[in-house]
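Here is a short briefing on one structure. Read it with the model open beside you.

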Amino acid sequence: MAEKLVGQRLKRTEDPRLIQGLAHYVDDIRLPDTLHAVFVRSIYAHARIKGVDISEATKAPGVVAVYTGKDVAKVGPVPCAAALPGLKVPDHRVLAGNKVYFVGHPIAVVVAHDKYMAKDAADLIQVDYEELPVAMDEEKAAQGGPVIHEQFGDNVAYKLTAGEGDIEAALKSADKVIKQRILHRRLAPIAMEGRGVLARYYPGEQELTLWTSTQIPHLARTQIAIMLGMPENKLRLIAPEVGGGFGSKLNVYAEEALLGWISIQTGKPIKWIEGRRENIQATIHGRGQTGTIEIGFKKDGTLTGFRYDVFADMGAYHQLLTPAIPTLTGLMLSGCYKIPAIQMNVTGVFTNKMSTDAYRGAGRPEATYVIERALDLVAADLGMDVVEVRRKNFPAPSEFPFKTATGLFYDSGNYEGALKKALDMAGYPKLREEQKQARKEGRIMGIGVSTYVEICAIGPSAATPAGGWESATVRVEPTGKVTILTGCSPHGQGEETAFAQIAADQLGVDVNDVTVIHGDTAVVQYGIGTFGSRGMAVGGTAVYLALQKLREKANKIAAHMLECEVEHVSFQEGKFSRHGGKAKTGSVPAPVVPDMEAPAGALPQPHPQGKHVTIQDVALAAHIAKNLPPDMEPGLAAIHFFEPKNFTFPFGTHIAVVELDRETGETHFKRYVAVDDCGKVINPMLVEGQVHGGIVQSLGQALYEEVVYDDQGQLVSGTFMDYALPKASMVPWLELDRTETPTDVNPMGVKGVGEAGTIGATPAIVSAIVDALKPYGVSHLDMPIKPEHLWRIINQKKTGAA
Amino acid sequence: MKKTINVTVNGVSHQNEVEPRMLLVHYLRDALSLTGTHIGCETSLCGACTVLVDGQAVKSCTLLAVQADGSKVTTIEGFAADGKLHPVQQGFWEHHGLQCGYCTPGMIVAAAQLLERNPDPSEEEIRHGIEGNLCRCTGYQHIVQAIQCAAKKMQSKSAVAR
């Protein structure tokens, strides 16, 4: 099929509603008589609750109900879908029982006629706390101190060893082994729209409709139905417009089920909209690993083995995928290098904090970061260029599918191709010259390079907790308009446009005649959702394959209408044409229908135009169904559930060039170059957008962002004053390009791009800063690399401070 | 102790009784059902709630409705006129200046104010001018391009008008 739209920078069909303020996020949906919920949350990280006095609150104006833990005991626990050997799973109730485990732990919920009243009443609730000692540091908490969940005896949630090859022998055979401690701080995903839920119970139908800001409407429906003990087919879950997720809405939260339960109790619609402080307290965090790497290598730079021992901070409870995230780190420790032996030893640890879970990249940025830091350390030790040590260990394109010592088969790759393109764009040798000159002039300039590979298109069902396939239905309606139902509900990625581009090409229709529907479990067949860079590679592939099925049927109908055999029909630009072949003589006489004038409002009749029929004619004929091939079902729709046979492994090279300000310690970007290879591209503009956003989130992680709890467990980065998101002025111009190495994992050859930026950029930025400080004897710095820290390094001799 | 306020929003005058503590953004969203203005942080740091009050871009999450008494307010719903998008809206659409769209209404209002004050801003001036508006999706580059595009459109329009 000719590609007219695929590959084009098509403007998004989503945008007109969004740029005019006409979209509907959860809080924009208005139902009459809606009640409003406000949560009372723990102000302590670890405490026994001796009592909750709600008497004043229940008497407050406008209050309908106040619920505490004992009232909601029937609501099932918040689910954890990750299964690991020996995993300890605490009973995670929707409201706290007699203990609270983190600041922000919900204790009570106030239901009132408006949100101001609910907030006023919430302030009247008295919680009697008995403070308990806290376990905050994952490394220390694993080794002793206060135990969070007494029933487990300690704070170790699980221990896991992964990897292949004889690591001891591999490290022994090395000419040298470098060891380095590396921290990955906790980050807050910060979707600009926080979480929000609107629930409405219809007592007559015994149906609950739940609007919630989620990335996984179907999975959430299944889990919430189980929590509420109601039939899944009586729960309709709708993800309306979703204002960003970045993994934070790839989850099932206490508040979602609780709002449903309250609507059932009160018989009224009820809404809860998360505030930003709540969002930073009680929506999942990401990263949170304290680890040590050991990298073994030969004198010529050849890697022999890589070990990563890590304490992974779970937080107080497991959310949906909490303990599984570090296992993804383990899978990607080989980076894009040939390493004969790899081992990860992970200890998952409970701490008195909000849960960690999937934040853009979900475990893979940690892997890329540690292996890239390791390569830099090797290069520095051998006095090799950071580029050369990478080249030395790349598998050649002919070595794909490439087997890693983490048990994966990388589908396709040309790491040298992306690296070369990026080096050419950056003018690498010239940059090194410039750096020499800068150093002579006393300027502190650094160049950082990261060559990354990521694991995307998640994923084969065998490797995912709840199915890794995706679904699509494609219909051509009687009037020729095309409807696509995707299970892959997006939240900013632009799938409505990208999927329509595919359909418009495959069916030869106008892209504006295609509507993509998602997010409503009552309308869309079961699906999985949008995460793990799977939207196009898995969701888009499902659409593509459903379109092929639909075309097959349309072809048969067209042949029948053109009175020829199917093999004599070709399809191009929306038209089926007969080529050669004899017209079939009808063996079944057509029914005799009275010749009448069509009444007003009657559908037009399909008319073969000699040797051609359009897809619209075929759609109409399929629905009117007066003249279809024998035994053919009427209608023109197809459904496909696509099960990918492997992950995909996009890759690329990022280069950061920085100069540090001697006076302020600030990092200034001189250049930022990124060459990403995400296979075939459907809409380059959307791909750029994904890469830009990812890089800037990485930049935030590298330089600014950190969820900070003090040693008493207080969250001290609870607003945007303290949690530093990158602003436009902190971000350099990003110079992007691509290489295109298709995959054979799916028929379109697409790999996925949603997380590339957050995976490739962090090591490049840190590498650049460390490179800048090489004359100061710096070989590694932990993120976020703040100006104060840099200033101290730069000025240590002068001030004596370090 | 409700107070009566008169506010003209997007050219339509409204009279409402509001609690003195009601935030302007809640007034717009809840009393007038203009839900295009979003709330992102409640602390005037993210700019999702930016609207124009008497021509000045302000963060409506930290202004009380009673403070807008007697004012003219323009929200994102008031930007397109006669079925035609505002040049800033067009720029955002053409240059993919939005992904999830949540920060977008506030970002567009802030960008329009920026161009009103500086019709031909440099990249640096644009980045500085939208510092009060946070976007988590785009990395800002397409937003910068969207505003540059809008600046060109507005300049050629005013050139024609001259």
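How many of the 17 residues of α18(A) are buried? The answer is 17 of 17, and the helix is mostly covered. The model is predicted.

**Helix α18 of chain A**
- Helix α18(A) runs over residues 756-772.
- Its end C-alpha atoms lie 25 Å apart. At 1.5 Å a residue, its 17 residues should span 24 Å, so the two values agree.

**Helix α15 of chain A**
- Helix α15(A) covers residues 535-561, which makes 27 residues.
- From first C-alpha to last, α15(A) reaches 37 Å. That is close to the 39 Å expected at 1.5 Å a residue.
- The helix α15(A) bends by about 25 degrees at Thr541(A).
- Most of α15(A) is covered, with 21 of its 27 residues buried.
- Glu563(A) follows α15(A) and has a positive phi, near 55 degrees.

**Chain B: elements and overall form**
- Chain B holds five helices and five strands.
- Read from the N terminus, the order is β-β-α-β-β-β-α-α-α-α.
- The C-alpha trace of chain B spans about 50 × 35 × 25 Å along its principal axes.

**Chain B: burial and contacts**
- Of the 162 residues in chain B, 55% count as buried.
- Among contacts in chain B with a separation of 6 or more, 59% join residues 24 or more positions apart.

Methods
Residues numbered from 1 in each chain as written. Chains lettered and ligands numbered in written order. Predicted model: local features only at pLDDT ≥ 70, side-chain atom pairs only at ≥ 80, totals over all residues. Helix = DSSP H or I, 4+ residues; strand = E, 2+ residues; numbered from the N terminus. Buried ≥ 20, exposed ≤ 12 C-beta atoms within 10 Å, placed from the backbone. Contact = placed C-beta atoms within 7 Å. Expected span 1.5 Å × (residues − 1). Bend = angle between axes of the 7 residues up to and from the residue.
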